[in-house]
Amino acid sequence: MAEGDAVRVITLDNPPVNALSFAYCKELLAAIEAAESDSATRAVVIAGANGIFSAGADVNDFAQEPPADAITVRDVIGAVERSEKTYVAAIDGNCLGGGLELALACDYRGASGRSRLGLPEIRLGLIPGAGGTQRLPRLIGARAALELMLKGSSVSAERAVELGILDEITPAPVLEAAVEFARRVADSPTAETPRKRRLSAREAEIGPGVPKIALPYVAAQAHKMLPPEERGGLAAHRLVDAVEAAMELPFALGVAREARLFEELARSKPSLALRHVFFAERELAKIPDIAGTGRSDATARHDIVSAGVVGAGTMGSGIAIAFAQCGIPVTVVDSNDDAVDKARQTVMGMFMYQVQKGKLTQEEAWRRAQAIVFTDDWRELAAADVIVEAVFEDLDVKRDVYAKLDGIAKPSAILATNTSTLDIDRIAEATKRPQRVLGLHFFVPANIMPLLEIVRGAQTSPEAIAFAFGAGKTLRKKAVLSGNAFGFIGNRMILDYLREAMALAEDGNSAARIDGVMRDFGFPMGPFAMSDLSGLDVGLHIARARGDEGKGRTDVLRRLVDMGRLGQKSMAGFFRYDKAVGKGREAIADPVVDEIFADAARSAGIPARHADDAEIRERLLYALINRGAYLLEDGVALRPGDMDIVYIYGYGFPPHHGGPMWYADEVGVDKVYGRIREFEAQFGPQWKPSALLRGVAEDGGTLGAADARKALSHA
Amino acid sequence: MREAVIVSVARTPIGRAFRGAFNQTPGATMAGHVVKAAIGRAGLDPGEVDDVVMGCGLPEGATGNNIGRTAALRAGCPVSVAGQTVSRFCASGLDAIASGARRIVADGANVVVAGGVESISMVQNDLHVRFLGEEWLLRHQPDLYTPMLYTADFVAKKYDVARERQDEYALQSQQRTSAAQVAGRFDAEIVPMPSWKRLEDPVSGAVSESQVQLGRDEGNRPDTTLEGLSKLKSAVPGVADASVTAGNSSQLSDGAGAVAIVEASFAATRNLQPLGVYRGYAVAGCEPGEMGIAPVLAVPKLLRQHGLTVADIGIWELNEAFAVQTVYCRDMLEIPNDRFNVDGGAISIGHPYGMSGARMTMHALLEGKRRGEQYAVVTMCVAGGIGAAALFEIA
């Protein structure tokens, strides 16, 4: 199967995921050229080592302009395209992005049943850039290709055969079957199995039964469905353009169009932001002081055999479901029968909903629901590897719970509190194992929200933190490490954001308008709708816990709560809600609230002051940024990227802006700092800029750069 | 002031697209036929014609190559006669007549032949759409690319025009056309035309050609019943609950029509009997996604320009693109039903896009004259969200 053989095998081998980096593409191109120059070779089989075909291009390569002599996937694919020999892709494992584009350039594609195929570029704000947008429509039709690339998710080999991406599911071992097939085609091609099947020679159709004249309509409808370019839709709209080009242009011109669109996107702000998010996620578990030598991956395997939850309220049942749906049996302890009944209903309702949606089989739903055991006997927690406490937010109550747990839980068990306002150290003190106590701060609903804050107490051991990251991975959450400070990362920052929202509303800018400005920025909801969702009573409770109650300029929050306006759950808060409008979840502007703000402002002697949209946006976002800089300064957050992940996955910050800290860099830290100084002069000391921010601004640097801490040192 | 008067009219009968008499008759053949007849009926010498202005909705392929010029030559005009194509989709034929009239009033021409032609059979399914989508427009005015059926469904839903009203209107159209055909009220317009029709055996798929001569419009269905209409399914692809059906929409058709327009004093010198005087034209725009309602905007503009009201107009032709927008416009404009599309329209006769404006103009003049009315208004909705309306004074 090497030199002199009719069939030559080229194995993609660039561990761990056979990334088609510039450096690796150079090797690959050389291998292809060797095959091409060997006149005995009549067919080439491309396969992958390391249990995967290829995960595609190396995202690191996009970071800067490629060197002029860089060999890219495009060059490799170009060589395959020009070849007169038969190319067969033998896929076993993931075949994504540039990997699939390479397979599309081959004449035949077979894959094992376990393989998954996809073009996920859209998730990085890009489009496939090595012919994928031109070849896939020619293979499976423009509409199916567009759908696949817009979603960016991968499909099973079975589905890929249905779509027409794969010629067949190849029985194992894939490589042997592919070699045998290649030999047959090379020796005796037939009308059904010709030597060459270049997609570039085909014309693209829209889809079965759709005439070509429908193209402009189909394209216009696709654009109509997508979010606006400036609100996260840039790459998606460009993708439609690229697929339209596949329908309208000869292949070579289509590829040139794709390349132009790709380059534009590679330099675009949304893509830079999304790539930042991609890398920030991979950094999360790298904790400098854990596992000894500098940075290392904290997610060592810590298998959780079983879990426990204390408290069967909303949070407790959500956490229990989160464990159960990841296959971990969980024991929920609560002595209140009503709460347990309600939790049982919640759990069953949730799994049945997934059955209705076709996401789970009845049997699987039943199995998962059975994995949650409710009891009032604390001793049943004895075997749990991790116990998450989700009882009432009261330090004394929690300390009692921990004292009790300490006596029951096995010595190796991790005790985690889901508190959002209390001091982890005070809770840990109640046990004899403070090194194994930490915070696991889930977000409501815990089984759906992807964010998990891991809170490190003063005595929490590195092993416990490593365990928590392992748990985060098992639960498929984005786990972020936070220091033990009030509100941790997410809620601490949101207080500043909400403070500015309130101040703007007290000045006579309506809640509906302020929310609208933030939605235009890309948040799914504005600050007031978010407050309504989490509950105004909860907001008041947090203010009380922090000792802030009564310190605001007005008492609007108190007034609303006293009126029974607790938010969405009571059908009225900062907005009103109507069961007939958006299932009771759509915020409807309520003049009553405007009047309450106006009245409170009058009593407090606050004059009306109109803020334009830019000011609203700046005050809310810069409040987040300034607080984020303080958290970095104080070591509560490890990295700006960690805070970005918290905001994107926990608070709906638009990913195409990269998170608040990335956004600061995008705007320019010096500019942000300048505005914060102006706000400080205009509105008061709550706007005092963080020293770190000042340092970075004065250096003309970025928060994302490694010199953030250095900036602090001479601040 | 110079005045443009219409002195003769001529049109082909209207054929059903794809399966009808003109399913492989090129646009220039049909247009040449009617231009020649309009000139002949007015007793003019072809060499006297200054310009031939032809409207066409889809001016490409079988109706491409400047169909105004090819029609002039195909009609036997000498090469000295110029030609021009005018396109405003469905209002093209009406626009061509307005444009021809302006050539006389403003430019000093004495004789112009104007009209419209469409061969849906030979053009629509092979439409050139490569590069039709413009990136900015696809994003910001996507409904510019929306097929008309969807705009009709949108109008039905937005303005709440019930299926029953649409079907009742379609029935009225069919009945009126049927009665007019029996009474011969289209005969003065029509110049029968022989053609080679392509026949396809529905069972074997065998194709043959046979020569036919269509003498009258072939789209009318006199046996239409309300019950039959009500049983038809949605004609809007992918929208099962649409009230727009094949029965209450215009028919896809082929045909051509032309009128001879001359300056009023020229007509007097030559002793030509005017059928009507061109008085003016107005257009207005609306959202592309609800193009059907645009006559509601264009008609008041036209009437205002001439100091008239709806009550002053004796006969109305409002193009029946879809029953839904036809009844909506009629009722919004408060046009009396007995003066409105009195002998049916595109639903019952057919709708060769670029020709319809010319057909409606000639019918309004002839029928208006028979009824002794003073003013006629011809109005149409246009793809892309435009309404067009023309005013004629019946001589």
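Predicted model: local features only at pLDDT ≥ 70, side-chain atom pairs only at ≥ 80, totals over all residues.
The crossing of H5(A) and H9(A) is right-handed.

Which residues make the contact? From H5(A) they are Ala142(A), Ala145(A), Leu146(A), Met149(A) and Leu150(A). H9(A) contributes Ala236(A), Leu239(A), Val240(A), Val243(A), Ala246(A) and Met247(A). By class, this contact of H5(A) with H9(A) comprises 11 nonpolar residues, with no polar and no charged ones. On the spacing, I would recall that an α-helix has 3.6 residues a turn, so residues three or four places apart point the same way.

I turn now to the contact between the chains. Chain A provides 14 residues and chain B provides 13. On the side of chain A that touches chain B, helix H8, residues 215–225, and H9 each supply at least two residues. H8(A) gives the most to that side, with 8 residues. The side of chain A that touches chain B has 6 nonpolar, 3 polar and 5 charged residues.

Finally, I consider helix H24 of chain A, residues 613–633. Its 21 residues reach 30 Å from the first C-alpha to the last, close to the 30 Å expected at 1.5 Å a residue. Is H24(A) largely enclosed by the rest of the structure, or largely open? Of its 21 residues, 16 are buried, so H24(A) is largely enclosed by the rest of the structure. After H24(A) comes Gly635(A), whose phi is positive, near 75°.

Methods
Residues numbered from 1 in each chain as written. Chains lettered and ligands numbered in written order. Left-handed = near helix turned anticlockwise from the far one by under 90°. Helix = DSSP H or I, 4+ residues; strand = E, 2+ residues; numbered from the N terminus. Contact = placed C-beta atoms within 7 Å. Nonpolar A, V, L, I, M, F, W, Y, C, P; charged D, E, K, R; others polar. Expected span 1.5 Å × (residues − 1). Buried ≥ 20, exposed ≤ 12 C-beta atoms within 10 Å, placed from the backbone.
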